[in-house]
Structures are given as C-alpha cells and as structure tokens.
Amino acid sequence: YVHFHLISPQVQQSAESVVLLDIFVSILSLNLSEPAYGADIAKLEYKLVAGDHGLIIRVKGFNHKLPLLLQLIIDHLSDFSFTPGVFEMVKEELRKTYFNMLIKSEMLAKDLCHIILEHGKWPIIDKYQGLMKGISAESLLSFVKAFKSQLFVEGLAQGNLTC
C-alpha cells in the first residue's frame with residue numbers, strides 16, 4: 001500500500017475551491033480510467049480522493065509494478081486537461097450529488113457536526129451555492145495551476161517494498 005496526500009493551501013481558500021478540487025479529482029479519475037485499465041487487470045488498485053486539504057492518491061498491489069501505476073497517475077496529474085463536454089458532465093453530476101446530500105436530513109446533521117468540530121470545513125450548502133454560481137473551465141484550470149504551484153506531499157508506504 002502506498003498513500004500520498006498532496007496538500008495545498010489553495011483548497012481551503014473558499015467553498016468554490018473545495019468544489020473545484022472535487023471537479024478536478026473527478027476529471028482526473030475519468031482521464032485515468034482507460035490508461036489504467038491494464039493495471040486493474042494486473043490486480044493493481046488505485047483511488048483518487050478529494051480530501052479536506054488536497055488530493056489523496058492510494059495505490060496498492062504487487063510492489064514491482066506499483067511505480068508504473070504511480071507514474072501514470074503523476075503524468076496525468078502534471079499534464080491535466082479536459083474537454084468542455086467532460087467538464088459540464090462532471091459539474092452536473094457534482095450538482096446532483098450535492099443536491100442529494102442537501103435533501104437528506106442525516107447528511108445535513110453529519111455535515112453540521114463536521115463544521116462544528118473541524119476547522120476549515122465548508123458546509124454542503126456553501127459548496128452547492130458555489131457550484132450554482134457558475135464555475136467555469138477557466139477557473140478550474142487556474143485552480144489546478146495554483147494547486148500544483150503550492151504543493152506539499154506526505155506519503156505512507158506499507159508492505160514488502162524495495163527502494
């Protein structure tokens with residue numbers, strides 16, 4: 001298992017920044033789905049998660065092929081691009097996800113607890129409103145550029161690894 005947490009102060013700037021991170025991670029996952037298909041066949045697993053402070057990359061599998069999968073993810077991260085159609089599709093899916101979270105009382109209660117207990121946590125309603133304000137593809141590209149320019153990386157490796 002290898003986990004990397006790409007932390008950037010850019011994420012906690014506003015609710016819109018958190019929404020942009022969610023869109024970024026979704027598009028990055030879509031971009032990786034086809035090239036990483038071979039890794040899935042080889043029993044290597046990866047997961048990209050939008051965390052509270054940045055992007056979390058989790059990879060697991062046989063240690064002799066893990067660097068290739070990690071390199072694929074890093075390459076797609078560094079050369080991030082998307083089409084306007086993909087951007088709009090991901091934005092609409094995220095809008096539905098946020099809306100569905102807003103109409104469930106147990107999710108709102110859980111969100112309220114997190115807001116009270118955690119510093120820098122943005123409420124779902126703020127994220128939904130930020131998304132509905134009209135986030136553009138240009139704002140996503142500028143967010144990704146700022147995210148990558150102020151990056152701090154934490155890592156954890158566990159298992160039978162050779163350096």
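Which strands does α1 lie across, and at about what angle does α1 run to β2? In this predicted model, α1 lies across β2 and β3 (54-60), and the helix runs at about 160 degrees to β2.

- An open sheet is formed by 4 strands, which follow the order β2-β3-β1-β4 with antiparallel pairing.
- The edges are taken by β2 (45-50) and β4 (152-157), each of which pairs on one side only.
- On average, neighbouring strands of this sheet are turned by 10 degrees against each other, direction ignored.

- Strand β1 (residues 2-7) pairs with β4 in the antiparallel sense, over 6 bridges.
- Within this pairing, Leu6 stands opposite Val153 in β4.
- His5 has Glu154 as its bridge partner in β4.
- Strands β1 and β3 also run antiparallel and are joined by 6 bridges.
- Phe4 stands opposite Ile57 in β3.

**Helices across the strands**
- As stated above, α1 lies across β2 and β3.
- Helix α3 (residues 66-78) lies across β1, β2 and β3, and runs at about 155 degrees to β3.

**Packing of α1 with α7**
- Two packed helices are described by the angle between their axes and the distance between the axes.
- Helix α1 (residues 15-33) packs with helix α7 (residues 137-149) at an angle of about 90 degrees, and their axes are 10 Å apart.
- Helix α1 is therefore roughly perpendicular to α7.
- On the α1 side, the contact is made by Ser17, Leu20, Leu21, Ile23, Phe24 and Ile27.
- On the α7 side, the contact is made by Ser139, Leu140, Phe143, Val144 and Phe147.
- By residue type, this contact of α1 with α7 consists of 9 nonpolar residues, 2 polar residues and no charged residues.

**Aromatic residues**
- The count of aromatic pairs comes to 6.
- One aromatic cluster is formed by Phe24, Phe80, Phe82, Phe87, Phe143 and Phe147.
- Among the members of this cluster are Phe24, Phe143 and Phe147, residues that also take part in the contact between α1 and α7.

**Annotated region**
- In an unreviewed entry, UniProt lists residues 1-129 as "domain: Peptidase M16 middle/third".
- In the model, the span of residues 1-129 is 58% helix and 15% strand.
- The end C-alpha atoms of residues 1-129 lie 37 Å apart.

Terms used. Residues are numbered from 1 along each chain as its sequence is written. This is a predicted model: local features need pLDDT of at least 70, side-chain atom pairs count only at pLDDT 80 or more; totals for chains, interfaces and linings use all residues. Side-chain values use heavy atoms; hydrogens and water are left out. Axes are lines fitted to C-alpha atoms, for helices over the stretch in contact, and angles run from 0 to 180 degrees between N-to-C directions. Helices (H or I, at least four residues) and strands (E, at least two) are DSSP runs, numbered from the N terminus. Angles under 35 degrees count as roughly parallel, over 145 as roughly antiparallel, 65 to 115 as roughly perpendicular and the rest as oblique. Contact means heavy atoms within 4.5 Å. Ala, Val, Leu, Ile, Met, Phe, Trp, Tyr, Cys and Pro count as nonpolar, Asp, Glu, Lys and Arg as charged, and the others, Gly among them, as polar. UniProt positions are given in the numbering used here, feature names are shortened, and annotations may be inferred rather than shown by experiment. Two strands pair if DSSP finds at least two bridges between them. Rings of Phe, Tyr and Trp (its six-membered ring) pair if their centres lie within 6.5 Å; planes under 30 degrees apart count as stacked, over 60 as edge-to-face and the rest as tilted.
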